[in-house]
Amino acid sequence: MALQTLPEEIADVRSYCTWFANLRWVAVLSAATLSAFACYELKILPTSSFKPLMVCLTALAVFNVVLIDLIPKVRSPYALLIVQAATDLVALTFLLHYSGGLENPLFTLYILHVIIGSILLERRDAQIIVLLSCTLLLALAAEHVWPFPCHVRLGLLPESVLHTPIFALGVATPYAFILVTTGYILRMVREQLHNTANQRRGAYEQLLRQEKIVVLGEVAAGVAHEINNPLHGVRSCLTMLKTRAEPDGPVEAWVQDSGCGIPPESMDRIFHPFFTTKAIGKGSGLGLSISKRIVEDHGGTIAVESRMGQGSRFTMRFPASAARGGETEDEATHVKVGHEG
(Lines give C-alpha, C1' and ligand atoms only; values in the text may rest on other atoms or scores of the structure.)
Protein backbone atom coordinates (compact mmCIF):
# COMPACT_ATOMS: atom_id res chain seq x y z
CA MET A 1 0.00 0.00 0.00
CA ALA A 2 1.65 3.21 -1.18
CA LEU A 3 -0.79 5.61 0.46
CA GLN A 4 0.89 6.31 3.78
CA THR A 5 4.54 7.19 3.39
CA LEU A 6 5.12 10.35 5.39
CA PRO A 7 5.59 10.12 9.17
CA GLU A 8 2.76 12.55 9.86
CA GLU A 9 0.41 10.51 7.65
CA ILE A 10 1.33 7.31 9.48
CA ALA A 11 0.63 9.08 12.78
CA ASP A 12 -2.80 10.10 11.46
CA VAL A 13 -3.64 6.49 10.54
CA ARG A 14 -2.58 5.32 14.00
CA SER A 15 -4.95 7.87 15.52
CA TYR A 16 -7.78 6.61 13.25
CA CYS A 17 -7.10 3.02 14.38
CA THR A 18 -7.16 4.08 18.02
CA TRP A 19 -10.41 5.98 17.53
CA PHE A 20 -11.93 2.94 15.80
CA ALA A 21 -10.84 0.69 18.70
CA ASN A 22 -12.32 3.05 21.30
CA LEU A 23 -15.59 3.11 19.38
CA ARG A 24 -15.59 -0.69 19.42
CA TRP A 25 -15.50 -0.71 23.25
CA VAL A 26 -18.68 1.39 23.23
CA ALA A 27 -20.29 -1.00 20.74
CA VAL A 28 -19.35 -4.11 22.77
CA LEU A 29 -20.69 -2.69 26.03
CA SER A 30 -23.89 -1.44 24.36
CA ALA A 31 -24.50 -4.76 22.62
CA ALA A 32 -23.93 -6.72 25.84
CA THR A 33 -26.40 -4.50 27.70
CA LEU A 34 -29.03 -4.76 24.96
CA SER A 35 -28.61 -8.56 24.74
CA ALA A 36 -29.14 -9.03 28.47
CA PHE A 37 -32.13 -6.69 28.43
CA ALA A 38 -33.73 -8.40 25.42
CA CYS A 39 -33.20 -11.92 26.82
CA TYR A 40 -34.05 -11.47 30.50
CA GLU A 41 -36.18 -8.33 30.78
CA LEU A 42 -38.17 -7.94 27.57
CA LYS A 43 -37.92 -11.66 26.77
CA ILE A 44 -38.13 -10.99 23.04
CA LEU A 45 -35.10 -13.27 22.60
CA PRO A 46 -34.78 -16.77 24.05
CA THR A 47 -32.34 -17.02 26.94
CA SER A 48 -30.44 -19.59 24.89
CA SER A 49 -29.36 -16.78 22.60
CA PHE A 50 -27.56 -14.93 25.38
CA LYS A 51 -24.61 -17.34 25.52
CA PRO A 52 -23.70 -17.22 21.77
CA LEU A 53 -24.18 -13.46 21.81
CA MET A 54 -21.72 -13.16 24.71
CA VAL A 55 -19.26 -15.46 22.94
CA CYS A 56 -19.33 -13.16 19.89
CA LEU A 57 -18.90 -10.05 22.01
CA THR A 58 -16.10 -11.63 24.06
CA ALA A 59 -14.25 -12.58 20.86
CA LEU A 60 -14.71 -9.02 19.62
CA ALA A 61 -13.33 -7.64 22.91
CA VAL A 62 -10.28 -9.94 22.72
CA PHE A 63 -9.71 -8.81 19.15
CA ASN A 64 -9.83 -5.21 20.36
CA VAL A 65 -7.24 -5.84 23.08
CA VAL A 66 -4.86 -7.44 20.56
CA LEU A 67 -5.48 -4.62 18.12
CA ILE A 68 -4.70 -1.89 20.64
CA ASP A 69 -1.41 -3.64 21.38
CA LEU A 70 -0.54 -3.79 17.66
CA ILE A 71 -1.41 -0.21 16.70
CA PRO A 72 1.85 1.42 17.97
CA LYS A 73 4.02 -1.51 16.81
CA VAL A 74 3.16 -2.21 13.18
CA ARG A 75 5.05 -0.31 10.49
CA SER A 76 2.00 0.10 8.24
CA PRO A 77 -1.08 0.73 10.43
CA TYR A 78 -3.27 1.29 7.36
CA ALA A 79 -3.81 -2.47 7.02
CA LEU A 80 -5.30 -2.48 10.53
CA LEU A 81 -8.10 -0.18 9.34
CA ILE A 82 -9.15 -2.73 6.72
CA VAL A 83 -8.93 -5.61 9.20
CA GLN A 84 -11.03 -3.72 11.74
CA ALA A 85 -13.76 -2.86 9.26
CA ALA A 86 -14.00 -6.43 7.93
CA THR A 87 -13.94 -7.98 11.42
CA ASP A 88 -16.67 -5.68 12.68
CA LEU A 89 -18.90 -6.53 9.72
CA VAL A 90 -18.53 -10.28 10.33
CA ALA A 91 -19.15 -9.83 14.07
CA LEU A 92 -22.24 -7.72 13.35
CA THR A 93 -23.59 -10.45 11.08
CA PHE A 94 -23.14 -13.15 13.76
CA LEU A 95 -24.81 -10.94 16.36
CA LEU A 96 -27.75 -10.34 14.05
CA HIS A 97 -27.95 -14.05 13.31
CA TYR A 98 -28.55 -14.75 17.01
CA SER A 99 -30.89 -11.79 17.52
CA GLY A 100 -33.48 -11.93 14.74
CA GLY A 101 -31.65 -11.39 11.43
CA LEU A 102 -33.36 -8.77 9.26
CA GLU A 103 -36.15 -8.69 11.83
CA ASN A 104 -33.72 -6.82 14.11
CA PRO A 105 -33.62 -3.11 13.17
CA LEU A 106 -29.95 -2.99 14.21
CA PHE A 107 -29.06 -4.46 10.80
CA THR A 108 -28.96 -0.82 9.70
CA LEU A 109 -25.56 -0.61 11.43
CA TYR A 110 -24.04 -1.97 8.21
CA ILE A 111 -24.16 1.56 6.89
CA LEU A 112 -21.95 2.79 9.73
CA HIS A 113 -19.06 0.64 8.50
CA VAL A 114 -19.64 1.76 4.93
CA ILE A 115 -19.43 5.38 6.04
CA ILE A 116 -16.26 4.85 8.06
CA GLY A 117 -14.63 2.82 5.29
CA SER A 118 -15.50 5.37 2.61
CA ILE A 119 -13.96 8.17 4.67
CA LEU A 120 -10.81 6.46 5.91
CA LEU A 121 -9.92 3.94 3.19
CA GLU A 122 -8.69 4.24 -0.36
CA ARG A 123 -11.11 3.72 -3.25
CA ARG A 124 -10.42 0.01 -3.84
CA ASP A 125 -10.47 -0.91 -0.15
CA ALA A 126 -13.63 1.13 0.46
CA GLN A 127 -15.31 -0.70 -2.41
CA ILE A 128 -14.32 -4.02 -0.82
CA ILE A 129 -15.99 -2.97 2.44
CA VAL A 130 -19.17 -1.97 0.57
CA LEU A 131 -19.19 -5.30 -1.28
CA LEU A 132 -18.65 -7.25 1.96
CA SER A 133 -21.48 -5.34 3.66
CA CYS A 134 -23.90 -6.12 0.83
CA THR A 135 -22.83 -9.78 0.75
CA LEU A 136 -23.36 -10.27 4.48
CA LEU A 137 -26.68 -8.44 4.30
CA LEU A 138 -27.87 -10.74 1.52
CA ALA A 139 -26.66 -13.75 3.55
CA LEU A 140 -28.99 -12.65 6.35
CA ALA A 141 -31.78 -12.28 3.81
CA ALA A 142 -31.13 -15.82 2.56
CA GLU A 143 -31.76 -17.16 6.07
CA HIS A 144 -35.30 -15.85 5.84
CA VAL A 145 -36.13 -17.89 2.73
CA TRP A 146 -34.13 -21.01 3.70
CA PRO A 147 -36.38 -24.08 4.02
CA PHE A 148 -35.25 -24.52 7.61
CA PRO A 149 -34.66 -21.09 9.16
CA CYS A 150 -31.47 -21.18 11.16
CA HIS A 151 -31.47 -17.72 12.70
CA VAL A 152 -33.05 -16.85 16.04
CA ARG A 153 -36.44 -15.18 15.76
CA LEU A 154 -36.98 -11.86 17.46
CA GLY A 155 -40.76 -12.41 17.56
CA LEU A 156 -41.77 -8.98 16.26
CA LEU A 157 -43.23 -10.20 12.96
CA PRO A 158 -45.50 -13.18 12.14
CA GLU A 159 -43.94 -16.30 10.63
CA SER A 160 -45.97 -15.93 7.46
CA VAL A 161 -44.33 -12.59 6.75
CA LEU A 162 -40.86 -13.18 8.19
CA HIS A 163 -39.87 -16.20 6.07
CA THR A 164 -40.90 -15.11 2.61
CA PRO A 165 -38.87 -13.98 -0.40
CA ILE A 166 -40.89 -10.78 -0.50
CA PHE A 167 -39.79 -9.82 3.01
CA ALA A 168 -36.15 -10.83 2.44
CA LEU A 169 -35.81 -9.07 -0.90
CA GLY A 170 -37.98 -6.15 0.15
CA VAL A 171 -35.69 -5.39 3.06
CA ALA A 172 -32.26 -6.45 1.80
CA THR A 173 -32.37 -5.15 -1.78
CA PRO A 174 -33.26 -1.50 -1.06
CA TYR A 175 -30.82 -1.39 1.83
CA ALA A 176 -28.03 -2.87 -0.29
CA PHE A 177 -28.75 -0.11 -2.82
CA ILE A 178 -28.51 2.43 0.01
CA LEU A 179 -25.15 0.99 1.06
CA VAL A 180 -23.75 1.20 -2.47
CA THR A 181 -25.09 4.71 -3.02
CA THR A 182 -23.80 5.95 0.32
CA GLY A 183 -20.35 4.54 -0.39
CA TYR A 184 -20.29 6.12 -3.85
CA ILE A 185 -21.41 9.56 -2.66
CA LEU A 186 -18.95 9.61 0.21
CA ARG A 187 -16.12 8.57 -2.14
CA MET A 188 -17.02 11.43 -4.49
CA VAL A 189 -17.05 13.90 -1.60
CA ARG A 190 -13.76 12.56 -0.22
CA GLU A 191 -12.03 12.78 -3.60
CA GLN A 192 -13.38 16.29 -4.17
CA LEU A 193 -12.04 17.39 -0.80
CA HIS A 194 -8.74 15.69 -1.60
CA ASN A 195 -8.50 17.51 -4.95
CA THR A 196 -9.34 20.82 -3.28
CA ALA A 197 -6.66 20.22 -0.67
CA ASN A 198 -4.13 19.42 -3.41
CA GLN A 199 -5.03 22.62 -5.26
CA ARG A 200 -4.60 24.67 -2.11
CA ARG A 201 -1.31 22.92 -1.39
CA GLY A 202 -0.14 23.67 -4.94
CA ALA A 203 -1.14 27.32 -4.63
CA TYR A 204 0.67 27.56 -1.30
CA GLU A 205 3.82 26.00 -2.75
CA GLN A 206 3.66 28.38 -5.70
CA LEU A 207 3.35 31.30 -3.29
CA LEU A 208 6.41 30.05 -1.41
CA ARG A 209 8.35 29.83 -4.67
CA GLN A 210 7.36 33.38 -5.55
CA GLU A 211 8.47 34.58 -2.13
CA LYS A 212 11.80 32.83 -2.61
CA ILE A 213 12.21 34.51 -5.99
CA VAL A 214 11.48 37.90 -4.41
CA VAL A 215 14.01 37.25 -1.65
CA LEU A 216 16.55 36.10 -4.23
CA GLY A 217 15.96 39.29 -6.19
CA GLU A 218 16.51 41.38 -3.07
CA VAL A 219 19.74 39.51 -2.31
CA ALA A 220 20.92 39.92 -5.90
CA ALA A 221 20.12 43.63 -5.76
CA GLY A 222 22.02 43.94 -2.49
CA VAL A 223 25.04 42.10 -3.87
CA ALA A 224 24.97 44.24 -7.02
CA HIS A 225 24.83 47.34 -4.84
CA GLU A 226 27.76 46.15 -2.76
CA ILE A 227 29.73 45.45 -5.94
CA ASN A 228 28.83 48.68 -7.72
CA ASN A 229 29.87 50.91 -4.83
CA PRO A 230 33.54 49.85 -4.71
CA LEU A 231 33.68 49.55 -8.50
CA HIS A 232 32.46 53.10 -8.88
CA GLY A 233 35.00 54.34 -6.35
CA VAL A 234 37.81 52.40 -8.00
CA ARG A 235 36.82 53.68 -11.42
CA SER A 236 36.82 57.27 -10.18
CA CYS A 237 40.20 56.79 -8.54
CA LEU A 238 41.69 55.17 -11.63
CA THR A 239 40.39 57.98 -13.80
CA MET A 240 42.10 60.51 -11.51
CA LEU A 241 45.26 58.43 -11.36
CA LYS A 242 45.50 58.20 -15.13
CA THR A 243 45.47 61.96 -15.37
CA ARG A 244 47.88 62.65 -12.47
CA ALA A 245 50.28 59.72 -12.30
CA GLU A 246 53.80 60.41 -13.59
CA PRO A 247 55.10 58.16 -16.37
CA ASP A 248 57.72 56.61 -14.10
CA GLY A 249 55.83 56.84 -10.76
CA PRO A 250 53.72 52.09 -7.98
CA VAL A 251 50.26 54.97 -7.43
CA GLU A 252 48.78 55.41 -3.85
CA ALA A 253 45.19 56.31 -3.23
CA TRP A 254 43.44 56.58 0.05
CA VAL A 255 39.86 56.95 1.21
CA GLN A 256 39.16 58.41 4.62
CA ASP A 257 36.00 58.86 6.63
CA SER A 258 35.17 60.48 9.95
CA GLY A 259 32.94 57.72 11.25
CA CYS A 260 33.00 55.69 14.44
CA GLY A 261 36.07 53.68 13.51
CA ILE A 262 36.65 49.93 13.45
CA PRO A 263 36.94 47.94 16.72
CA PRO A 264 40.41 46.44 17.17
CA GLU A 265 39.00 42.92 17.47
CA SER A 266 37.47 43.26 13.99
CA MET A 267 40.53 44.57 12.18
CA ASP A 268 41.74 41.10 11.17
CA ARG A 269 38.36 40.10 9.74
CA ILE A 270 37.03 43.13 7.88
CA PHE A 271 38.23 41.80 4.52
CA HIS A 272 36.69 38.34 5.08
CA PRO A 273 33.64 37.58 2.89
CA PHE A 274 30.29 38.11 4.63
CA PHE A 275 31.82 39.67 7.75
CA THR A 276 29.77 42.65 8.89
CA THR A 277 29.01 44.47 12.11
CA LYS A 278 25.67 45.75 10.82
CA ALA A 279 22.32 44.35 11.86
CA ILE A 280 20.80 41.41 9.98
CA GLY A 281 19.42 42.60 6.66
CA LYS A 282 21.40 45.87 6.72
CA GLY A 283 24.57 44.63 5.05
CA SER A 284 25.98 41.60 3.24
CA GLY A 285 29.62 41.91 4.38
CA LEU A 286 30.87 41.71 0.79
CA GLY A 287 31.97 45.30 0.08
CA LEU A 288 35.51 45.27 1.53
CA SER A 289 36.08 41.66 0.43
CA ILE A 290 35.23 42.51 -3.17
CA SER A 291 37.27 45.74 -2.99
CA LYS A 292 40.33 43.81 -1.79
CA ARG A 293 39.94 41.28 -4.59
CA ILE A 294 39.68 44.02 -7.23
CA VAL A 295 42.75 45.83 -5.89
CA GLU A 296 44.78 42.62 -5.82
CA ASP A 297 43.64 41.66 -9.33
CA HIS A 298 45.22 44.94 -10.52
CA GLY A 299 48.48 44.17 -8.78
CA GLY A 300 47.83 46.46 -5.83
CA THR A 301 47.49 46.22 -2.09
CA ILE A 302 45.04 47.67 0.38
CA ALA A 303 45.64 48.55 4.02
CA VAL A 304 43.53 50.12 6.75
CA GLU A 305 44.20 52.40 9.69
CA SER A 306 41.43 53.15 12.15
CA ARG A 307 40.87 54.87 15.48
CA MET A 308 37.73 54.43 17.50
CA GLY A 309 35.61 57.56 17.43
CA GLN A 310 37.81 59.26 14.78
CA GLY A 311 37.26 57.29 11.58
CA SER A 312 39.10 54.97 9.25
CA ARG A 313 41.54 55.34 6.36
CA PHE A 314 41.93 52.80 3.58
CA THR A 315 45.10 53.08 1.53
CA MET A 316 45.44 51.41 -1.89
CA ARG A 317 48.78 51.14 -3.68
CA PHE A 318 49.05 50.31 -7.37
CA PRO A 319 52.03 50.09 -9.70
CA ALA A 320 52.05 52.97 -12.15
CA SER A 321 51.97 50.50 -15.00
CA ALA A 322 48.54 49.40 -13.87
CA ALA A 323 47.28 52.97 -14.05
CA ARG A 324 48.91 54.04 -17.34
CA GLY A 325 50.35 50.92 -18.87
CA GLY A 326 53.97 51.88 -17.91
CA GLU A 327 56.68 49.56 -16.58
CA THR A 328 58.37 51.37 -13.66
CA GLU A 329 57.27 50.94 -10.03
CA ASP A 330 59.85 53.03 -8.09
CA GLU A 331 57.87 55.65 -6.27
CA ALA A 332 54.25 56.46 -5.64
CA THR A 333 52.20 59.49 -6.44
CA HIS A 334 49.77 60.40 -3.63
CA VAL A 335 46.20 61.28 -4.57
CA LYS A 336 43.75 62.14 -1.81
CA VAL A 337 40.19 61.17 -2.23
CA GLY A 338 38.16 62.29 0.83
CA HIS A 339 34.83 61.06 2.08
CA GLU A 340 33.12 62.36 5.15
CA GLY A 341 30.58 60.00 6.63
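Helices and strands are taken here as DSSP runs, with helices of at least four residues and strands of at least two, numbered from the N terminus. The structure is a predicted model.

The protein chain holds nine helices and four strands. Along the sequence these elements follow the pattern α-α-α-α-α-α-α-β-α-β-β-α-β. Of the 341 residues in the protein chain, 34% are buried. The accessible surface of the chain comes to about 20,600 Å², and carbon and sulfur atoms account for 64% of this surface.

Two helix pairs involving α3 were examined. In the pair formed by α2 and α3, the axes are 10 Å apart and the packing angle is about 170 degrees. Angles over 145 degrees count as roughly antiparallel, and α2 and α3 are therefore roughly antiparallel to each other. On the α2 side, the contact is made by L53, C56, L57, L60, F63, L67 and L70. The α3 side contributes L80, V83, Q84, T87, D88, A91, F94 and L95. By class, 12 nonpolar, two polar and one charged residues form the contact of α2 with α3.

Helix α3 (residues 78-97) also packs with helix α4 (residues 110-120), their axes coming within 10 Å and crossing at roughly 170 degrees. Helices α3 and α4 are therefore likewise roughly antiparallel to each other. From α3, the residues in this contact are Y78, L81, A85, D88, L89, L92, T93 and L96, while α4 supplies Y110, H113 and L120. Eight nonpolar, two polar and one charged residues make up the contact of α3 with α4. D88 of α3 takes part in the contact with α2 and in the contact with α4.

In soluble globular proteins, nonpolar side chains tend to be buried together. The largest nonpolar core in the model has 50 residues, and those with the most contacts inside this core are L45, L81, L102, F107, Y110, L137 and L179. At least two core residues come from each of α1 (7-41), α2 (50-70), α3, α4, α5 (123-145) and α7 (165-244). Helix α3 gives the most, with nine residues. Apart from residues up to four places away in sequence, Y110 touches L89, L92, T93, L96, S133, L136, L137, L140, Y175 and L179. A second, separate core has 12 residues, including V251, I262, V295 and V304. V295 is also among the buried residues of α8, together with G287, S289, S291 and I294.

S49 is found in the loop between α1 and α2. The relative accessible area of S49 is 2%, and this residue is therefore buried. Beyond its neighbours within four places in sequence, S49 is in contact with Y98 and V152. T277 lies in the loop between β1 (252-256) and α8 (287-297). With a relative accessibility of 64%, T277 counts as exposed. T277 is 14 residues from P263 in sequence, and the C-alpha to C-alpha distance between these two residues is 9.8 Å.

Conventions:
Residues numbered from 1 in each chain as written. Predicted model: local features only at pLDDT ≥ 70, side-chain atom pairs only at ≥ 80, totals over all residues. Heavy atoms only, no water. Axes fitted to C-alpha atoms, helices over the stretch in contact; angles between N-to-C directions. Parallel < 35°, antiparallel > 145°, perpendicular 65-115°, else oblique. Contact = heavy atoms within 4.5 Å. Nonpolar A, V, L, I, M, F, W, Y, C, P; charged D, E, K, R; others polar. Core = buried A, V, L, I, M, F, W, Y, C linked by side-chain atoms within 4.5 Å. Buried < 20%, exposed > 50% of the residue type's maximum accessible area, 1.4 Å probe, protein only. Areas by Shrake-Rupley, 256 points an atom, 1.4 Å probe, with all protein chains shown as cover.
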